[in-house]
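Dear colleague,

Please find the structure below, together with a short account of what was found in it.

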Amino acid sequence: MMMRTERSPGVKLLFVGLVGFVLLVPLLMVYALVSDRQHQARVAQDSITAGWGGPQTLGGPVLVIPYTEETTQTETRNGQNISRRITARRELYLSPQSHDVATTLQPEVRKKSIYETVTYLATTKGEAQFALPDDLERLDVDPASLRLAESELRFGVSDPRGLQGDAAATIAGEALSLKPGKGPMESGGSGFHGYLEWDGEGTLAVDYSYSLRGSRSLSLVPRGGQTDWAVNSTWAHPSFTGGFLPDAREVGDDGFSAEWSIANLALGRSIASTADTGVVENAGGMATPPPPPVRVSAYAEGASGGQIAEVRLIEPVDLYSQVDRSVKYGFLVIGFTFLTFLMFDLVAGARVAAAEYLLTGAGLVLFFVLLLAFAEVIGFTAAFAGATLAIVGLLTAYSMAVLGTKKRAMTVGAILLGLYASLYVLLSLEALSLLIGSVMLFVALAGVMYATRNIDWSSVGGRKDEEAEEPAA
(Lines give C-alpha, C1' and ligand atoms only; values in the text may rest on other atoms or scores of the structure.)
Protein backbone atom coordinates (compact mmCIF):
# COMPACT_ATOMS: atom_id res chain seq x y z
CA MET A 1 0.00 0.00 0.00
CA MET A 2 1.54 3.32 -1.18
CA MET A 3 0.77 6.56 0.61
CA ARG A 4 1.31 10.21 -0.50
CA THR A 5 0.75 13.61 1.03
CA GLU A 6 -1.68 15.91 -0.80
CA ARG A 7 -1.22 19.66 -0.35
CA SER A 8 -4.27 21.75 0.47
CA PRO A 9 -5.72 23.97 -2.35
CA GLY A 10 -4.70 27.07 -0.40
CA VAL A 11 -1.09 25.92 -0.20
CA LYS A 12 -1.07 25.15 -3.93
CA LEU A 13 -2.39 28.62 -4.71
CA LEU A 14 0.25 30.21 -2.48
CA PHE A 15 2.95 28.10 -4.11
CA VAL A 16 1.89 29.10 -7.64
CA GLY A 17 1.90 32.76 -6.60
CA LEU A 18 5.44 32.36 -5.25
CA VAL A 19 6.67 30.84 -8.52
CA GLY A 20 5.01 33.67 -10.46
CA PHE A 21 6.71 36.21 -8.22
CA VAL A 22 10.10 34.59 -8.91
CA LEU A 23 9.46 34.97 -12.64
CA LEU A 24 9.24 38.73 -12.17
CA VAL A 25 13.04 38.78 -12.09
CA PRO A 26 13.59 37.57 -15.69
CA LEU A 27 10.60 39.67 -16.79
CA LEU A 28 12.28 42.79 -15.38
CA MET A 29 15.51 41.78 -17.13
CA VAL A 30 13.61 41.66 -20.43
CA TYR A 31 12.19 45.10 -19.66
CA ALA A 32 15.74 46.39 -19.15
CA LEU A 33 16.79 44.72 -22.40
CA VAL A 34 14.09 46.62 -24.28
CA SER A 35 15.34 49.92 -22.83
CA ASP A 36 18.92 49.06 -23.78
CA ARG A 37 17.97 48.19 -27.36
CA GLN A 38 15.94 51.38 -27.61
CA HIS A 39 18.98 53.37 -26.48
CA GLN A 40 21.14 51.60 -29.07
CA ALA A 41 18.57 52.44 -31.73
CA ARG A 42 18.69 56.12 -30.80
CA VAL A 43 22.49 56.10 -30.94
CA ALA A 44 22.31 54.50 -34.38
CA GLN A 45 19.73 57.05 -35.54
CA ASP A 46 21.92 59.89 -34.31
CA SER A 47 24.85 58.46 -36.24
CA ILE A 48 22.67 58.32 -39.37
CA THR A 49 21.77 62.00 -39.05
CA ALA A 50 25.26 63.09 -37.89
CA GLY A 51 26.27 64.17 -41.37
CA TRP A 52 22.79 65.08 -42.54
CA GLY A 53 21.15 67.33 -39.99
CA GLY A 54 19.16 66.95 -36.80
CA PRO A 55 15.74 68.31 -35.81
CA GLN A 56 15.56 71.83 -37.23
CA THR A 57 14.20 75.05 -35.74
CA LEU A 58 13.73 78.02 -38.08
CA GLY A 59 13.77 81.62 -36.89
CA GLY A 60 13.63 85.05 -38.45
CA PRO A 61 14.16 86.92 -40.57
CA VAL A 62 15.02 89.69 -38.14
CA LEU A 63 16.15 93.15 -39.20
CA VAL A 64 18.94 94.41 -36.94
CA ILE A 65 19.71 98.16 -37.07
CA PRO A 66 22.68 99.56 -35.10
CA TYR A 67 22.24 102.87 -33.31
CA THR A 68 24.24 105.02 -30.97
CA GLU A 69 23.23 105.80 -27.43
CA GLU A 70 24.68 108.60 -25.38
CA THR A 71 24.66 108.40 -21.62
CA THR A 72 26.05 110.61 -18.89
CA GLN A 73 28.27 109.03 -16.27
CA THR A 74 29.14 110.88 -13.06
CA GLU A 75 32.19 110.06 -10.96
CA THR A 76 33.47 111.52 -7.73
CA ARG A 77 37.17 112.40 -7.70
CA ASN A 78 38.86 114.28 -4.86
CA GLY A 79 35.51 115.30 -3.52
CA GLN A 80 34.34 116.69 -6.85
CA ASN A 81 31.65 115.28 -9.14
CA ILE A 82 32.92 114.83 -12.67
CA SER A 83 30.47 114.08 -15.48
CA ARG A 84 31.35 112.65 -18.84
CA ARG A 85 29.33 111.59 -21.85
CA ILE A 86 29.68 108.02 -23.14
CA THR A 87 28.63 106.98 -26.62
CA ALA A 88 27.79 103.30 -26.98
CA ARG A 89 26.75 101.21 -29.93
CA ARG A 90 23.44 99.35 -29.51
CA GLU A 91 21.23 97.27 -31.76
CA LEU A 92 17.53 97.59 -32.54
CA TYR A 93 15.78 94.33 -33.44
CA LEU A 94 12.81 94.58 -35.79
CA SER A 95 10.49 91.66 -36.44
CA PRO A 96 8.45 91.65 -39.66
CA GLN A 97 5.04 93.29 -39.78
CA SER A 98 3.89 90.30 -41.81
CA HIS A 99 5.61 87.04 -42.64
CA ASP A 100 4.40 84.41 -45.12
CA VAL A 101 6.32 81.11 -45.20
CA ALA A 102 5.81 78.03 -47.35
CA THR A 103 7.76 74.81 -46.71
CA THR A 104 7.84 71.59 -48.71
CA LEU A 105 9.22 68.51 -46.94
CA GLN A 106 10.67 65.69 -49.02
CA PRO A 107 11.02 62.74 -46.61
CA GLU A 108 13.47 59.88 -46.91
CA VAL A 109 13.94 56.84 -44.69
CA ARG A 110 17.64 56.22 -44.15
CA LYS A 111 18.96 52.96 -42.67
CA LYS A 112 22.01 51.71 -40.87
CA SER A 113 22.10 47.98 -40.23
CA ILE A 114 18.67 47.11 -38.79
CA TYR A 115 17.97 50.67 -37.63
CA GLU A 116 16.29 53.46 -39.56
CA THR A 117 15.20 57.04 -39.12
CA VAL A 118 13.26 59.64 -41.08
CA THR A 119 15.20 62.46 -42.72
CA TYR A 120 13.97 65.20 -44.98
CA LEU A 121 14.94 67.98 -47.36
CA ALA A 122 12.93 71.11 -46.55
CA THR A 123 12.54 73.76 -49.23
CA THR A 124 11.43 77.02 -47.62
CA LYS A 125 10.28 80.20 -49.34
CA GLY A 126 9.14 83.31 -47.53
CA GLU A 127 8.11 86.94 -47.83
CA ALA A 128 8.59 89.41 -44.98
CA GLN A 129 7.56 93.06 -44.65
CA PHE A 130 9.48 95.39 -42.31
CA ALA A 131 8.70 98.93 -41.21
CA LEU A 132 10.08 101.26 -38.57
CA PRO A 133 7.58 101.78 -35.74
CA ASP A 134 6.38 105.29 -34.96
CA ASP A 135 7.05 105.00 -31.24
CA LEU A 136 10.79 104.34 -31.08
CA GLU A 137 11.01 106.93 -28.30
CA ARG A 138 9.20 104.45 -26.07
CA LEU A 139 12.30 102.29 -26.33
CA ASP A 140 14.55 105.31 -25.66
CA VAL A 141 15.83 105.12 -29.23
CA ASP A 142 16.39 108.34 -31.15
CA PRO A 143 15.43 107.79 -34.81
CA ALA A 144 18.24 110.14 -35.82
CA SER A 145 20.79 107.83 -34.19
CA LEU A 146 19.90 104.83 -36.36
CA ARG A 147 22.67 103.65 -38.67
CA LEU A 148 20.40 102.38 -41.41
CA ALA A 149 23.30 101.90 -43.82
CA GLU A 150 24.74 99.23 -41.49
CA SER A 151 21.55 97.16 -41.16
CA GLU A 152 21.66 93.38 -41.06
CA LEU A 153 19.09 90.76 -41.99
CA ARG A 154 19.41 87.62 -39.86
CA PHE A 155 17.96 84.16 -40.46
CA GLY A 156 17.92 81.39 -37.87
CA VAL A 157 18.63 77.71 -38.47
CA SER A 158 19.29 75.59 -35.39
CA ASP A 159 21.49 73.03 -37.15
CA PRO A 160 23.35 74.85 -39.97
CA ARG A 161 25.00 71.61 -41.10
CA GLY A 162 21.86 70.97 -43.11
CA LEU A 163 21.95 74.20 -45.12
CA GLN A 164 22.35 73.76 -48.86
CA GLY A 165 24.05 76.09 -51.31
CA ASP A 166 20.88 77.62 -52.75
CA ALA A 167 20.10 80.11 -49.98
CA ALA A 168 19.05 83.47 -51.44
CA ALA A 169 17.47 86.72 -50.25
CA THR A 170 16.42 89.69 -52.38
CA ILE A 171 15.26 93.23 -51.65
CA ALA A 172 13.58 95.11 -54.47
CA GLY A 173 15.10 92.65 -56.92
CA GLU A 174 18.63 93.03 -55.57
CA ALA A 175 20.28 89.93 -54.15
CA LEU A 176 21.91 90.08 -50.74
CA SER A 177 25.32 88.59 -50.13
CA LEU A 178 24.65 86.00 -47.43
CA LYS A 179 27.22 85.02 -44.85
CA PRO A 180 27.21 82.24 -42.20
CA GLY A 181 26.43 82.76 -38.54
CA LYS A 182 24.82 85.56 -36.49
CA GLY A 183 21.38 83.98 -36.36
CA PRO A 184 18.69 85.17 -33.91
CA MET A 185 18.47 83.84 -30.37
CA GLU A 186 15.61 81.43 -31.03
CA SER A 187 17.91 79.30 -33.18
CA GLY A 188 20.75 79.40 -30.67
CA GLY A 189 22.58 82.12 -32.60
CA SER A 190 23.23 79.86 -35.60
CA GLY A 191 22.03 80.57 -39.13
CA PHE A 192 23.08 83.09 -41.77
CA HIS A 193 22.89 86.85 -42.34
CA GLY A 194 23.35 89.57 -44.91
CA TYR A 195 24.11 93.32 -44.87
CA LEU A 196 21.86 95.87 -46.52
CA GLU A 197 21.32 99.60 -46.82
CA TRP A 198 17.90 101.06 -46.11
CA ASP A 199 16.62 104.59 -45.90
CA GLY A 200 14.01 103.70 -43.28
CA GLU A 201 11.15 105.02 -45.41
CA GLY A 202 8.05 103.01 -46.16
CA THR A 203 8.10 99.23 -46.12
CA LEU A 204 11.10 96.98 -46.65
CA ALA A 205 10.03 93.85 -48.58
CA VAL A 206 12.28 90.81 -48.32
CA ASP A 207 11.95 87.64 -50.41
CA TYR A 208 14.04 84.64 -49.46
CA SER A 209 14.42 80.93 -50.06
CA TYR A 210 16.71 78.14 -48.94
CA SER A 211 16.89 74.37 -48.75
CA LEU A 212 17.63 72.61 -45.50
CA ARG A 213 18.34 69.03 -44.54
CA GLY A 214 17.06 67.73 -41.23
CA SER A 215 15.52 64.77 -39.48
CA ARG A 216 12.47 63.81 -37.44
CA SER A 217 11.01 67.29 -36.85
CA LEU A 218 10.82 70.82 -38.20
CA SER A 219 9.85 73.86 -36.09
CA LEU A 220 9.18 77.51 -36.82
CA VAL A 221 9.45 80.29 -34.23
CA PRO A 222 6.86 82.92 -35.15
CA ARG A 223 7.65 86.55 -34.40
CA GLY A 224 6.35 89.87 -35.61
CA GLY A 225 2.91 91.11 -36.56
CA GLN A 226 1.36 88.22 -38.48
CA THR A 227 2.97 84.87 -39.29
CA ASP A 228 1.43 82.47 -41.81
CA TRP A 229 3.16 79.12 -42.34
CA ALA A 230 2.12 76.43 -44.81
CA VAL A 231 3.75 72.99 -44.81
CA ASN A 232 3.15 70.07 -47.15
CA SER A 233 4.83 66.70 -47.49
CA THR A 234 4.35 63.21 -48.90
CA TRP A 235 4.91 61.71 -45.42
CA ALA A 236 1.66 60.14 -44.24
CA HIS A 237 2.34 60.12 -40.49
CA PRO A 238 2.81 63.65 -39.11
CA SER A 239 2.46 64.78 -35.52
CA PHE A 240 1.70 68.45 -34.79
CA THR A 241 3.10 69.72 -31.49
CA GLY A 242 4.49 72.88 -29.96
CA GLY A 243 2.81 75.95 -28.56
CA PHE A 244 0.74 76.55 -31.70
CA LEU A 245 -1.29 73.91 -33.54
CA PRO A 246 -2.26 74.31 -37.21
CA ASP A 247 -5.50 76.10 -38.04
CA ALA A 248 -6.12 73.70 -40.92
CA ARG A 249 -4.70 70.29 -41.71
CA GLU A 250 -5.24 67.43 -44.12
CA VAL A 251 -3.65 64.03 -43.60
CA GLY A 252 -3.99 61.12 -46.01
CA ASP A 253 -2.15 58.14 -47.43
CA ASP A 254 -0.47 60.39 -49.99
CA GLY A 255 0.88 62.87 -47.42
CA PHE A 256 -0.26 65.87 -45.43
CA SER A 257 -0.65 69.63 -45.56
CA ALA A 258 -1.02 72.07 -42.67
CA GLU A 259 -1.41 75.82 -42.25
CA TRP A 260 -0.67 78.04 -39.25
CA SER A 261 -1.84 81.63 -38.80
CA ILE A 262 -0.35 83.30 -35.72
CA ALA A 263 -1.03 86.91 -34.72
CA ASN A 264 1.22 89.18 -32.69
CA LEU A 265 -1.29 89.32 -29.82
CA ALA A 266 -0.87 85.55 -29.39
CA LEU A 267 2.90 85.97 -29.09
CA GLY A 268 2.94 88.73 -26.50
CA ARG A 269 6.15 90.09 -28.01
CA SER A 270 6.94 93.55 -29.20
CA ILE A 271 7.76 93.95 -32.89
CA ALA A 272 10.64 96.26 -31.97
CA SER A 273 13.06 95.54 -29.15
CA THR A 274 16.51 96.60 -28.02
CA ALA A 275 17.39 93.00 -27.13
CA ASP A 276 16.98 89.81 -29.12
CA THR A 277 14.64 88.29 -26.53
CA GLY A 278 11.27 89.65 -27.54
CA VAL A 279 10.71 91.26 -24.12
CA VAL A 280 7.48 93.21 -23.97
CA GLU A 281 7.85 96.64 -22.38
CA ASN A 282 4.89 98.31 -20.75
CA ALA A 283 3.99 101.94 -20.43
CA GLY A 284 5.63 102.18 -17.04
CA GLY A 285 9.01 101.43 -18.49
CA MET A 286 9.30 98.13 -16.61
CA ALA A 287 10.13 94.97 -18.53
CA THR A 288 7.47 92.28 -18.53
CA PRO A 289 8.79 88.70 -18.51
CA PRO A 290 8.46 87.08 -21.95
CA PRO A 291 6.39 83.96 -22.62
CA PRO A 292 7.96 80.54 -22.06
CA PRO A 293 11.34 80.30 -23.82
CA VAL A 294 11.63 78.55 -27.13
CA ARG A 295 13.79 75.53 -27.71
CA VAL A 296 17.26 76.49 -28.85
CA SER A 297 19.07 73.16 -28.73
CA ALA A 298 20.93 72.68 -31.98
CA TYR A 299 21.20 68.92 -32.14
CA ALA A 300 18.74 67.42 -29.68
CA GLU A 301 15.01 67.15 -29.51
CA GLY A 302 13.97 69.01 -26.41
CA ALA A 303 10.54 69.17 -24.92
CA SER A 304 8.07 70.73 -27.25
CA GLY A 305 6.22 73.77 -26.12
CA GLY A 306 6.85 77.48 -25.75
CA GLN A 307 6.30 79.64 -28.79
CA ILE A 308 6.97 77.28 -31.64
CA ALA A 309 4.92 75.59 -34.31
CA GLU A 310 6.26 72.10 -34.89
CA VAL A 311 5.61 69.15 -37.16
CA ARG A 312 7.20 65.77 -36.55
CA LEU A 313 7.64 62.98 -39.05
CA ILE A 314 6.92 59.98 -36.87
CA GLU A 315 7.24 56.28 -37.58
CA PRO A 316 3.84 54.60 -38.16
CA VAL A 317 4.73 51.96 -35.55
CA ASP A 318 7.25 52.56 -32.78
CA LEU A 319 8.28 48.94 -32.22
CA TYR A 320 10.20 49.62 -29.00
CA SER A 321 7.21 51.39 -27.50
CA GLN A 322 4.98 48.46 -28.52
CA VAL A 323 7.35 45.84 -27.11
CA ASP A 324 7.77 47.89 -23.94
CA ARG A 325 4.01 47.99 -23.43
CA SER A 326 3.66 44.27 -24.15
CA VAL A 327 6.26 43.42 -21.49
CA LYS A 328 4.22 45.38 -18.97
CA TYR A 329 1.35 42.96 -19.63
CA GLY A 330 3.71 39.99 -19.27
CA PHE A 331 2.78 39.19 -15.69
CA LEU A 332 -0.90 38.99 -16.65
CA VAL A 333 -0.09 36.43 -19.36
CA ILE A 334 1.95 34.40 -16.87
CA GLY A 335 -0.80 34.70 -14.28
CA PHE A 336 -3.58 33.52 -16.60
CA THR A 337 -1.47 30.56 -17.80
CA PHE A 338 -0.55 29.48 -14.27
CA LEU A 339 -4.18 29.84 -13.27
CA THR A 340 -5.14 27.43 -16.04
CA PHE A 341 -2.62 24.86 -14.81
CA LEU A 342 -3.84 25.36 -11.23
CA MET A 343 -7.45 24.71 -12.28
CA PHE A 344 -6.44 21.46 -13.94
CA ASP A 345 -4.59 20.56 -10.73
CA LEU A 346 -7.45 21.41 -8.36
CA VAL A 347 -10.49 20.47 -10.43
CA ALA A 348 -9.25 17.78 -12.82
CA GLY A 349 -6.66 16.19 -10.53
CA ALA A 350 -3.63 16.74 -12.79
CA ARG A 351 -0.56 17.17 -10.62
CA VAL A 352 1.77 20.00 -11.76
CA ALA A 353 5.23 20.16 -10.19
CA ALA A 354 7.24 23.28 -9.37
CA ALA A 355 9.76 22.65 -12.14
CA GLU A 356 6.90 22.42 -14.65
CA TYR A 357 5.56 25.80 -13.57
CA LEU A 358 9.04 27.31 -13.86
CA LEU A 359 9.65 25.87 -17.34
CA THR A 360 6.27 27.07 -18.53
CA GLY A 361 6.98 30.52 -17.12
CA ALA A 362 10.37 30.57 -18.81
CA GLY A 363 8.66 29.92 -22.14
CA LEU A 364 6.24 32.78 -21.53
CA VAL A 365 9.11 35.15 -20.73
CA LEU A 366 10.99 33.96 -23.81
CA PHE A 367 8.06 35.18 -25.92
CA PHE A 368 9.01 38.80 -25.25
CA VAL A 369 12.67 38.20 -26.08
CA LEU A 370 11.66 36.64 -29.41
CA LEU A 371 9.25 39.51 -30.03
CA LEU A 372 11.97 42.12 -29.52
CA ALA A 373 14.61 40.27 -31.55
CA PHE A 374 12.40 39.64 -34.58
CA ALA A 375 10.58 43.02 -34.43
CA GLU A 376 13.88 44.80 -35.10
CA VAL A 377 14.26 42.81 -38.31
CA ILE A 378 10.81 42.01 -39.75
CA GLY A 379 8.53 44.49 -37.99
CA PHE A 380 6.29 44.30 -34.95
CA THR A 381 3.20 42.60 -36.42
CA ALA A 382 5.07 39.79 -38.15
CA ALA A 383 7.30 39.30 -35.10
CA PHE A 384 4.27 39.11 -32.80
CA ALA A 385 2.63 36.47 -34.99
CA GLY A 386 5.83 34.43 -35.25
CA ALA A 387 6.61 34.56 -31.52
CA THR A 388 3.01 33.64 -30.70
CA LEU A 389 3.03 30.56 -32.93
CA ALA A 390 6.41 29.45 -31.60
CA ILE A 391 5.58 29.78 -27.89
CA VAL A 392 2.01 28.46 -28.19
CA GLY A 393 3.29 25.42 -30.10
CA LEU A 394 6.06 24.80 -27.57
CA LEU A 395 3.86 25.11 -24.48
CA THR A 396 0.99 23.12 -26.00
CA ALA A 397 3.33 20.20 -26.69
CA TYR A 398 4.83 20.49 -23.21
CA SER A 399 1.38 20.67 -21.60
CA MET A 400 0.48 17.33 -23.17
CA ALA A 401 3.21 15.70 -21.09
CA VAL A 402 2.46 17.73 -17.95
CA LEU A 403 -1.35 17.41 -17.93
CA GLY A 404 -1.49 13.90 -19.31
CA THR A 405 -4.06 14.25 -22.13
CA LYS A 406 -4.17 15.87 -25.54
CA LYS A 407 -7.51 17.49 -24.79
CA ARG A 408 -6.10 19.38 -21.82
CA ALA A 409 -3.05 20.44 -23.80
CA MET A 410 -5.25 21.78 -26.61
CA THR A 411 -7.22 23.74 -24.02
CA VAL A 412 -4.02 25.35 -22.77
CA GLY A 413 -3.02 26.15 -26.37
CA ALA A 414 -6.40 27.73 -27.08
CA ILE A 415 -6.18 29.84 -23.93
CA LEU A 416 -2.67 31.00 -24.86
CA LEU A 417 -3.82 31.94 -28.36
CA GLY A 418 -6.67 33.91 -26.83
CA LEU A 419 -4.30 35.65 -24.42
CA TYR A 420 -1.87 36.71 -27.13
CA ALA A 421 -4.69 37.80 -29.42
CA SER A 422 -6.12 39.88 -26.59
CA LEU A 423 -2.66 41.31 -25.90
CA TYR A 424 -2.33 42.39 -29.54
CA VAL A 425 -5.75 44.05 -29.39
CA LEU A 426 -4.73 45.88 -26.20
CA LEU A 427 -1.56 47.15 -27.89
CA SER A 428 -3.47 48.25 -31.00
CA LEU A 429 -6.30 50.01 -29.18
CA GLU A 430 -4.24 52.10 -26.79
CA ALA A 431 -7.11 54.40 -25.80
CA LEU A 432 -9.36 51.47 -24.84
CA SER A 433 -6.69 49.21 -23.36
CA LEU A 434 -7.70 49.90 -19.75
CA LEU A 435 -11.37 49.16 -20.47
CA ILE A 436 -10.64 45.93 -22.35
CA GLY A 437 -8.11 44.78 -19.76
CA SER A 438 -10.52 45.41 -16.90
CA VAL A 439 -13.28 43.41 -18.60
CA MET A 440 -10.86 40.54 -19.25
CA LEU A 441 -9.82 40.46 -15.60
CA PHE A 442 -13.44 40.50 -14.48
CA VAL A 443 -14.35 37.59 -16.77
CA ALA A 444 -11.28 35.62 -15.63
CA LEU A 445 -12.06 36.20 -11.96
CA ALA A 446 -15.67 35.16 -12.48
CA GLY A 447 -14.55 31.97 -14.23
CA VAL A 448 -12.15 31.07 -11.42
CA MET A 449 -14.82 31.69 -8.82
CA TYR A 450 -17.24 29.44 -10.66
CA ALA A 451 -14.72 26.64 -11.24
CA THR A 452 -13.56 26.62 -7.62
CA ARG A 453 -16.91 27.19 -5.93
CA ASN A 454 -16.91 23.67 -4.40
CA ILE A 455 -13.27 23.65 -3.28
CA ASP A 456 -12.49 23.82 0.43
CA TRP A 457 -9.44 26.12 0.33
CA SER A 458 -8.74 25.75 4.06
CA SER A 459 -8.70 21.95 4.12
CA VAL A 460 -5.37 20.27 4.79
CA GLY A 461 -4.66 17.19 2.72
CA GLY A 462 -4.35 14.07 4.83
CA ARG A 463 -2.82 10.78 3.83
CA LYS A 464 -4.67 9.07 0.99
CA ASP A 465 -4.61 5.33 0.25
CA GLU A 466 -4.22 4.86 -3.52
CA GLU A 467 -5.42 1.24 -3.37
CA ALA A 468 -8.09 0.84 -0.69
CA GLU A 469 -9.22 2.46 2.52
CA GLU A 470 -8.57 0.44 5.66
CA PRO A 471 -11.78 -0.62 7.50
CA ALA A 472 -12.43 1.03 10.84
CA ALA A 473 -11.33 -1.01 13.85
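Glu152 and Arg154 form a salt bridge, with the closest N and O atoms 3.0 Å apart; the term denotes a side-chain nitrogen of Lys or Arg within 4 Å of a carboxyl oxygen of Asp or Glu. This is a predicted model, in which local features need pLDDT of at least 70 and side-chain atom pairs count only at pLDDT 80 or more, while totals for chains, interfaces and linings use all residues. Residues are numbered from 1 along each chain as its sequence is written, and side-chain values use heavy atoms, with hydrogens and water left out.

Glu152 counts as buried because its relative accessibility is 6%, and Arg154 is likewise buried at 8% (buried means under 20% relative accessible area, exposed over 50%, partly exposed in between, with a 1.4 Å probe and protein chains only).

The structure holds 13 salt bridges. Another of them joins the side chains of Arg312 and Glu310 at 3.5 Å, N to O. Arg312 is partly exposed, with a relative accessible area of 23%, whereas Glu310 is buried at 0%. Salt bridges that share partners also link Glu91, Glu152, Arg154 and Lys182 into one network.

Lys111 forms a salt bridge with Glu116, the closest N and O atoms being 3.8 Å apart. Here Lys111 counts as exposed, at 63% relative accessibility, and Glu116 as partly exposed, at 29%.

Yours sincerely
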